[in-house]
Amino acid sequence: MAPLTQYLLLLGMGITTAGLVWMLYLIKQSLGQTLDEPGKDIPAESGNLAPKPAWLRYHVHYYGYALLFLAFDMEMAYMYPWAVVYREVGILALLDMGVFLMILFLGLIYTWTQLGLKRQ
Amino acid sequence: MTPFLNGFIITLLFLSGVYAAAVMERWSVTGHVNWGGPVRSFLLLFAREEIKTRKHDKVFFETAPILFIGVILLTISILPFAPGSVIIDLGTGALFINAALVYVMVALLMMGWAINGVYAMIGGWRAIAQLIAYSMPVVMVLTATVMRAESMFLTDIVESQKGLWNILYQPVGFILFYISALAIAFLPPFDLPTAGGELAGGVWADLTGARKLLFRLGRLTLVFTVSAAVVVLYLGGWMGPWLPDFVWTFLKTLLVAASFFAVGRFMPRIRHDHLLEYNWKYGVPLALYNIFQVGVVLLL
Amino acid sequence: METTMRYGARKGTMNFWRRWLAKAASQELVIFPVPGADLLRMYQSEPLHREAQLADSPKEANVLLVVGDLSAELTERAATVYAQMPRPRVLVMAGPEYLDPLPHPDVHVALEKDFLDTAMPAARECLRRYSWTEEAEPYRPEPLVSKIEEAGQQQGHMHGHGGHGSHDHGHEGHKDSEHTGDEHRHEEHNHSGLQHDETDKHKHDHQAHQHDSHSEHEGHRHHDHGEHDHGHEGHQHKGHNHGEEHQEDDHSQHEEHGHSHEGHDHGGPQHGDHEHDGHDHGPGFMSMIAMTKDLPRSPDGLPMEWSDVQFGPFHPGLPGGLRLSMKLDGDTVVKAEASQGLLGHNLPASVLNDPASLPEYLAAAHPMAPVTYRLLAQKALVNFSGKTPNSTLTLSEAVLLEKERITSHLNWLAVFGTALGSQWMRDQAVKHYHRFQDEAGDASRLSEFIGRIKKMPYLKLKLSTAGKHRVEMEDHNQGHEHEAHDHSGHGHNHGDHAGDEHHHAGHSHEEHKEHEHHEHGGYDHSKHSGHDHSDHEYSGHGGNEGHGHEDHSHQQGSHSGHEEHDEHHHHEHGGHAGHEGHDHCHGSGGGKDQDSGQLPEDMTGPAARAAGIEKDHRLEEPVYQQAGWTPVTAAGNNAWSRLMVRLDEMEQSLRFIARAGNDSGGASSQKIDIPSTGMGNGIAHIESPRGTVSLKFHIHEGKLAHMQLNTPSEALAGIIQHVTEQHELADALTAAASLDISPWEIHH
């Protein structure tokens, strides 16, 4: 099959999923409306009423990892094409990527020594 | 066998696999095998009211469940059950697994945020922590399987294991991927976003009816999907003697799924800081080692 | 009886499709037990198998199951749960027939063993027949409606204020609906003094603000304020009303020490701030993180908003009825406390008039340990009636106690397993619990289970950092290390709580003072405040005798906490002063009373023994002495050691019961005659599964005039802040669960 067909299929899958979900919602709809009652739309908090919205400036304690993740994730984009041609190119590929990864890895080690690898 | 019949059987097997995952999930929670249980809880969700929480984020609230189940269905559709029996044979297969499954956690964050409740919000942010923890090792070990196959087609990756399955060729990669697969499917002990004893259901605690149903179904499919991914990438896919090839894929997948649930039942929930710490301190270096090892062996 | 489920059904008519769905879905019961699964288990004789499941959250449940009578407070929360459950839903009450503001139950059963056997089919029938009905009406409980309205008004009001906007909101995009919320948050934030208090104080000292009411903190002022970053703080503290905050948060503690012990220095036990050092940062490392660590916000110095959130009273990972109110900075706990009085009820007149009914009343009021409380009251009554001035336990009573200890620990283990997310541990604990409750327990299988828990992968790693009672900074430890060694002969590990001899003076026996000093180098305690409101019949006795000072035991009767109170504190600080030297030199910041990382001296039970403190009332009981019984202790003072102590105690109890042989004895239910004239006191102590309980009452003319019950959970609830602060939420909840606080014991 041509690659284009594959992507059409992919699109088709997405549409099918959406269609199934829509059908599900329709069936649910046929079973009646939700009765509006006080308290029901408030997120459960083990028995306590929390009428106030919960959104806030949330402290994400793992931001150190998140930054590191960005650096590594960028690098991984190069890895896939490299991996495909790896055997073809041979030892040169190993060295090329080895140096690249080593630099990145040193970054990880540095973060580690700076106590960056922990919950802040 | 005509392709149509083949497809029909595979779809059937797939559905029964998801159902088996549902039964196993119930077992892992209650300790009892109950064949009818999942159907009943499915119908219970059907009979229920839909509750939308007050002041929810409308866009996220509506899209998250669909995104969740959507990416999972897309992922399973690229995994080959047998040579030639793959719904979508993508040239970027291995990459696609990784890219698509990221959205599992994104959907969880969207849902957790949309609900506008503290438990759910904490669960949502935990989901992202989990993503940051497991995704690097996953990407790296996937690369190593691609290196061996010299292709990102998943069918090629299975074919490349003809002589020796990847579980033996790159055992470190297998272990890392297996653990990460648990984390991707947020199964216990990695069920941080939905942690029962901590957040009382977390991200999906406040969903009822159809949206909850989508998440539950999506998660079961996800378990089946990541199990199938383990099989395709490391356990030689459809390879095996005597039985038809797709049966092998199916059996192996069920076995992997069962082992997932068993691990979850007997382990305490991991702490999210441990998860991050171990993955970055040990997971990433090990994954790099795995690439190196595969690279050297390939050149020998 | 109203069985149409007016408040539980969905609105609509039954048609064929709905009828079928209702029938199929009714097979699946998802129960939300109130007040909790632990209490429900007491009325079951086997685990729930396929009939039903327990829900974690109200939104997953279709059955609200009320077990027994609820206090008004708890009923209101049960009503909240009911209101939040999606329809169709059934209300099942076991025991009470009607609890306002809950609607009339759809199914009512008597509160008895195995009531679920009748309740569940009835609930199923209700769901099958009335999942949809035209009679459905919205459920509008008055308290809920008014609360929601109030919150709505508040938000509107806040909106007008608007002046707190110096924070950058990451979610501007979310339209006005949440904007109200935001403004509101800020308001909240600004007034929520919480942990800042102390630091605030320092800051304001710098800024030459006058805080008269806090002059007692003089001693702290010279501490290292240099590191506070005022820039960060500025906007946050403007307009704070510190006086108010302190009244709310600290006063009880500071007042006491500060005012009544002028001149004593409290440096030691009050240095709360150091834990950041020892905890987070290796020595010598000065990053941004370290520089800003003392900021009143997050330890990393980022200005963030905090959530107010409650865990419990109906939380799957906590004992039913226990509520923790938390302030969360992201998912880190900044403040946590256990609410008191949720289950509270007053002593009914019938008991006041008829003290002989006290045992049954106490047993009913503490359903998590009925045998213990019944025995306690019986002993106190016997002591009062004077036949045996200091009656001790008989062997059969001790066996009953030990049996209850096993079941209580197993029930706790089920809750703890849920908190840990280990389904296997929970299921096994429940299984064994039911067996032991039905007198069909198998000692060897329980031992095997215990062995498997101990070998569970990752468990130790997870629990060792959780629930660590925060200890003073490293220097403190070092400073005291040598002293700790002196006592090592007693088999404690003092390492973790080496900081504090001082409080032993608090045991208030001049002649033993010296003694005790040396004995218990390892006791920790910080919550002096805990002592004012309750007089302590010293649980410390257990400790004394543990070291072979039998001669102390007479004190049990003679020495009652009340009178000695002042003296008590005085001593404490006297002793303390001697150690000023150490405590002081590390005095950075500090002064947070409640953070000082020492176990309060009224801590008893497994949680205290897990810190190496040999406090156990059983040491005084001849029955146990004859058996050569010694308490199980562990070093560590964390969730892991608490788990280990309880597991070992179960095994120990098994051995004790086995030793006692067939003399298992029925419940001693002898009726005690209370003379209708005259007066006197009755006192008794007993080692419950959670620690030493003591009961003291005064009977006047055959009527109960005064009763004082000291329960271990009060002290346990007091240390929640210490074991949770700056921990990640999961750890904090695990820690709280590891304490085994019985909410029934902390009502006032």
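What percentage of the 748 residues in chain C is buried? I looked it up: buried residues make up 65% of them. Buried here means under 20% relative accessible area, exposed means over 50%, and partly exposed lies in between, with a 1.4 Å probe and protein chains only.

**Ground rules**

I note that this is a predicted model, where local features need pLDDT of at least 70, side-chain atom pairs count only at pLDDT 80 or more, and totals for chains, interfaces and linings use all residues. Residues are numbered from 1 along each chain as its sequence is written, chains are lettered from A and ligands numbered from 1 in the order in which they are written, and side-chain values use heavy atoms, with hydrogens and water left out.

**Chain A**

I started with the secondary structure. Chain A has three helices and zero strands. Helices (H or I, at least four residues) and strands (E, at least two) are DSSP runs, numbered from the N terminus. The order from the N terminus is α-α-α.

Next I checked the overall dimensions. The radius of gyration of chain A is 25 Å, whereas a compact globule of 120 residues would have one near 14 Å. That radius is taken over C-alpha atoms, and the globule rule is 2.2 Å times the number of residues to the power 0.38. The C-alpha trace of chain A spans about 70 × 50 × 20 Å along its principal axes.

I then looked at burial and contacts. Of the 120 residues in chain A, 48% are buried. Among contacts between residues at least 6 apart in sequence, 50% join residues at least 24 apart in chain A. Contact means heavy atoms within 4.5 Å.

The accessible surface of chain A is about 6,000 Å², and 76% of it belongs to carbon and sulfur atoms. Such areas come from the Shrake-Rupley method with a 1.4 Å probe; for residues, only the protein chains shown count as cover.

I also noted the charges. Chain A carries 7 positive and 8 negative side chains, with the centres of the two sets 9 Å apart. Lys and Arg count as positive, Asp and Glu as negative; His and the chain ends are not counted. Each charge is placed at NZ of Lys, CZ of Arg, CG of Asp or CD of Glu.

**Chain B**

I found 12 helices and zero strands in chain B. Its radius of gyration is 19 Å, close to the 19 Å from the globule rule for 300 residues, so chain B is as compact as a globular protein of that length. The C-alpha trace of chain B spans about 60 × 50 × 35 Å along its principal axes.

Buried residues are 71% of the 300 in chain B. For contacts in chain B between residues at least 6 apart in sequence, 77% join residues at least 24 apart. The accessible surface of chain B is about 8,600 Å², 77% of it on carbon and sulfur atoms. I noted 19 positive and 15 negative side chains in chain B, the centres of the two sets lying 8 Å apart.

B:Glu150 has a positive phi of about 55° although it is not a glycine. B:Glu150 sits in the loop between α5 (118-149) and α6 (154-159). B:Glu150 is partly exposed, at 31% relative accessible area.

**Chain C**

Back to chain C, which has 33 helices and 13 strands. Its accessible surface is about 25,800 Å², with 50% on carbon and sulfur atoms.

Which residues does a cis peptide bond join in chain C? I found C:Val34 and C:Pro35, with omega about 5°, and C:Arg87 and C:Pro88, with omega about -5°. C:Pro35 lies in the loop between β2 (29-34) and α2 (37-42). C:Pro88 lies in the loop between α3 (72-84) and β5 (90-94).

C:Tyr458 is not a glycine, yet it has a positive phi of about 70°. Is C:Tyr458 buried or exposed? It is buried, at 15% relative accessible area. Most residues other than glycine have a negative phi, and most peptide bonds are trans.

**Where B meets C**

Last, I looked up the interface. In it, 47 residues of chain B contact 61 residues of chain C. The two chains bury about 4,600 Å² between them, 56% of it on carbon and sulfur atoms. Buried area is the accessible area (1.4 Å probe) that two parts lose on being put together, summed over both. B:Arg48, B:Pro268 and B:Arg271 supply 13% of the area that chain B buries against chain C, more than any other three residues.
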